Amino acid sequence: MARILITSAIPYINGIKHLGNLVGSQLPADLYARYARARGHEVMFICATDEHGTPAELAAAKAGKPVADYCAEMHGVQKELAAGFRLSFDHFGRSSSARNNALTQHFAKALGENGLIGEVAERQVFSVADNRFLPDRYIEGTCPNCGYDKARGDQCENCTKQLDPTDLIDPRSAISGSTDLEVRETRHLYLRQRSLKGEIAAWIDGKTDWPILTTSIAKKWLNDGEGLQDRGITRDLAWGVPVQFPGAPWQGMEGKVFYVWFDAPIEYISATAEWADATGQGDSAWQRWWRTDMGAADVRYVQFMGKDNVPFHTLSFPATIIGSREPWKLVDYIKSFNYLNYDGGQFSTSQGRGVFMDQALSILPADYWRWWLLSHAPENSDAEFTWENFQASVNKDLADVLGNFVSRVTKFCRAKFAETVPGGGAFDDRALALIAELETRTRAYEGHMEAIDIRKAAGELRGIWTLGNEYLQSAAPWSVHKTDPEAAAAMVRLGLNLIRLYAVLSAPFIPDAAARMLAAMHCEDGAWPGPVAEALTALPPGHPFTTPDVLFAKIADEEREDWAKRFSGVRA
RNA sequence: GGGCCUGUAGCUCAAUGGUCAGAGCAGGGCGCUCAUAACGCCUUGGUUGGGGGUUCGAGUCCCUCCGGGCCUACCA
């Protein structure tokens, strides 16, 4: 029995996320949270929307809405989609919450008082027509290197040369197209990460069990070139956490907000506080997860994220925590993911390429997506979604191997006995061998789940499903029943109990189907199995069940072709 | 440019430096008939991207070349 704090990288507010985003953080985090709860651990699973920053402002403007309204609306949309995918957050917060405003300012103040924040005067491009400073990539112009006329201020996409916005020929605002740009001086706060480099490096060096993807990115940023650099944590924007506030250890920062990457990870903590507020609990309820001086010392904290998020979670956020010199909980394990590509290219939010969360749910139940995405999670390298692979995997694994198993057992029992667990007979050697094999594989499955080795866990689970079919085939109760109904009864009793066992073991991956399996078995007992031999006696002779409808309908070729066409190009 | 990851069967992926490189799917054959034309058994298929090196032994370590991907700090 442990206490496990789980956070998923928080999705940006600006639109509906695609399957690549989903499989890179929220979905595996949910798998782990569900598993940990099933094992009896106390779990706090936190996610939120990341709402600040330039893209949110621009998306709101495009939608013709005040940014606060836009974010509130999109938060609702994302929350509903998360529920649709059965993401079991204890709380789905908002980085624009009052809690996060206060806590972000608290951290900034503590860092300032500890001498870890400096002011830097810099020159930035200001667009008069847009009345705002422009981030480098929101400035377009002609590349001085290759002549490409849509080069961005940070890099030319055509020749990949790194650029400074002032390098561009004929620069213009990417927002309005205006060429009325000027360079203005502005002052910003910088987090002095350089002075924390030693502490952070020592901390990372101690994390020898982390995925290589996580540590290699962290070490690259720590050691590359001149090493870890100080980082600007404020921006000239209206939408965000105000930098100037009563008690702030600096002056003259009116009109500026904290950079989203400063306040977004703090939202993990704030969202837990939001959870305490929403459930009518006091501060101690969330502090026991986050303050090592208030009960969090024995918490295991695991983060999930795509590889693009790794630098912020291995360096910037820890710098914030460590630099505060307050006893906040640091992450214990970071599970990071590569990217999921879509049919030979990248998923693209801007181009609407690929399958987005709302579209996915509109064509198939969540379990189909959960199974495919998790069993193909991009753990070691980038992975690829193709409709052919999706159809083949889902039809084989879910419909043929698992769904059909449930179907054949329940229908046979109903036909030859009744819709109750048949009594009589005893487990023969074949059954005992099956149980021994299940014992081994179930323990292996647990090992993979605990190590958050997702593909391996999925493979083991599938193997466990297959054992049921192998057993039935060799036991052949349909033949035995003709001469020895009692022996057949024992086989069927085992089969029905397997359905319940499979429901419990599969629930973290496919929660809806698992619930239907348990309901069909008229079983409330979803307890994680101890010894398998014991778990397979949960449904005693005489226990009623209901033969369920088809658990997973197969994806037809025509459907697959239709979807492949629909999602190939621009999002409707 | 620099760094990191990656390349294994038609496809998706496994293999602490140590039996003959293994699974699943697809393909082929056989069996079964309870089941969603489902299930089971058997089976074809590989110069582990190319080349060189270290080693008693290399998919694994080193060098090099080729291909794919990611990151490179102001999108998040």
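Begin by colouring chain A by domain: an automatic or database domain assignment divides the chain into domain 1 (3-114 + 193-232 + 253-337), domain 2 (117-191) and domain 3 (387-535). The model is predicted, so local features need pLDDT of at least 70 and side-chain atom pairs count only at pLDDT 80 or more, whereas totals for chains, interfaces and linings use all residues. Residues are numbered from 1 along each chain as its sequence is written, chains are lettered from A and ligands numbered from 1 in the order in which they are written, and side-chain values use heavy atoms, with hydrogens and water left out.

**Domain 1 and domain 2**

Select these two domains next. Their centres, taken over C-alpha atoms, are separated by 29 Å. Domain 1 brings 16 residues to the contact and domain 2 brings 12 residues, where contact means heavy atoms within 4.5 Å. About 1,200 Å² is buried between domain 1 and domain 2, with 65% of it on carbon and sulfur atoms; buried area is the accessible area (1.4 Å probe) that two parts lose on being put together, summed over both.

Between domain 1 and domain 2 the count is one salt bridge.

Now display secondary structure, in which helices (H or I, at least four residues) and strands (E, at least two) are DSSP runs numbered from the N terminus. On the side of domain 1 that touches domain 2, two or more residues each come from α2, α4 (98-113), β10 (231-232) and α9 (310-324). The largest share, four residues, belongs to α2.

Move to Arg187 and Glu119, whose side chains meet in a salt bridge (2.0 Å, N to O). This pair links distant parts of the chain, with Arg187 in strand β9 (residues 181-191) and Glu119 in strand β4, 68 residues apart. The structure holds 36 salt bridges.

**The surface near RNA strand B**

The largest share, 10 residues, comes from α12.

Of the atoms of RNA strand B within 4 Å of the protein, 70% belong to sugar or phosphate, and the rest to bases.

- Gln124: an N or O atom of its side chain is 2.2 Å from a base nitrogen of RNA strand B.
- Trp221: a polar backbone atom is 3.5 Å from a base nitrogen of RNA strand B.
- Tyr259: an N or O atom of its side chain is 3.2 Å from a phosphate oxygen of RNA strand B.

Terms used. Near = heavy atom within 4 Å. Polar contact = N/O pair within 3.5 Å; in protein donor to acceptor, adjacent residues only side chain to side chain. Salt bridge = Lys/Arg side-chain N within 4 Å of Asp/Glu carboxyl O.
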